[in-house]
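Here are a few friendly notes to read alongside the picture. Take them slowly, and look for each residue as you go.

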Amino acid sequence: MSVSLKPLYLINAGISGGLFGAGLYVSQMVDPLKVLRFLDFGAMASGGWDPSLAFVIVAAIGVMFVGLRIAGKRARPLLDTQFYKPESKQVDLPLVAGAVLFGIGWGMSGICPGPAITLVAFMPQNLAIFLMTMFAGSLLGSYIKPLLQQRAPLPDGTAKI
């Protein structure tokens, strides 16, 4: 994947990042307690569950759905030379393991990476520790992923040893 450094591309990246950060803050996705109340499905019976963050997810899916429909009718993006699509649609061991690890981290802290970076502007004391360990975990993941791919089953159902 290459990154274009054309001015319009950079301006678009800046506007998109600004909208994303503002949206995270306005929707309160930067508030770990709000996120944890959303993730606490066990509180549904008692009425303590907060479903309001589902609107953020639904809005994001709606925007992406429309964007993908428009992109599908174009030969190339407006500000780049090609579309960058996922290389794999396969649900494999690295994907499942990464999702589980991400979910554990998100559930424990109530902060996912986007909101964590948004919170840098406000610098709560524990955020520096969170960000340093998040980047360390990402680096560790880059070493673990090749090991998981070696153990993942081959298309014929056998596994590499």
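This is a predicted model: local features need pLDDT of at least 70, side-chain atom pairs count only at pLDDT 80 or more; totals for chains, interfaces and linings use all residues.

1. Let's begin with the rings. A pair of aromatic rings is described by the distance of the centres and the angle of the planes. The count of aromatic pairs here comes to four. In one of them, F38 and W49, the ring centres are 6.2 Å apart and the planes meet at 25 degrees, so this pair is stacked, as planes under 30 degrees apart count as stacked. The pair links distant parts of the chain: F38 belongs to helix α2 (residues 32-39), while W49 is in the loop between α2 and α3 (54-72), eleven residues away.

2. Which ring forms a tilted pair with W49? That ring is F41, with 5.8 Å from centre to centre and 45 degrees between the planes. Together, F38, F41 and W49 make up one aromatic cluster.

3. Is F38 buried or exposed? F38 is buried, because its relative accessible area is 9% and buried means under 20%. W49, at 25%, counts as partly exposed, and F41 is partly exposed at 47%.

4. Now look at a charge over a ring: R69 lies over the face of F65, 4.4 Å from the ring centre.

5. Finally, find the nonpolar patch on the surface, formed by V91, L95, V96, V100, L101, I104 and M108, with about 720 Å² of accessible area together. One of these residues, I104, sits in helix α4 (residues 93-109) and is partly exposed, with a relative accessible area of 45%.

Definitions and conventions
Residues are numbered from 1 along each chain as its sequence is written. Side-chain values use heavy atoms; hydrogens and water are left out. Patches are made of residues with over 30% relative accessible area and no salt bridge: like charges are joined within 9 Å, nonpolar side chains (Val, Leu, Ile, Met, Phe, Trp, Tyr) within 5 Å. Accessible areas come from the Shrake-Rupley method with a 1.4 Å probe; for residues, only the protein chains shown count as cover. A salt bridge is a side-chain nitrogen of Lys or Arg within 4 Å of a carboxyl oxygen of Asp or Glu. Helices (H or I, at least four residues) and strands (E, at least two) are DSSP runs, numbered from the N terminus. Buried means under 20% relative accessible area, exposed over 50%, partly exposed in between (1.4 Å probe, protein chains only). Rings of Phe, Tyr and Trp (its six-membered ring) pair if their centres lie within 6.5 Å; planes under 30 degrees apart count as stacked, over 60 as edge-to-face and the rest as tilted. A charge sits over a ring if NZ of Lys or CZ of Arg is within 6 Å of the ring centre and within 35 degrees of the ring normal.
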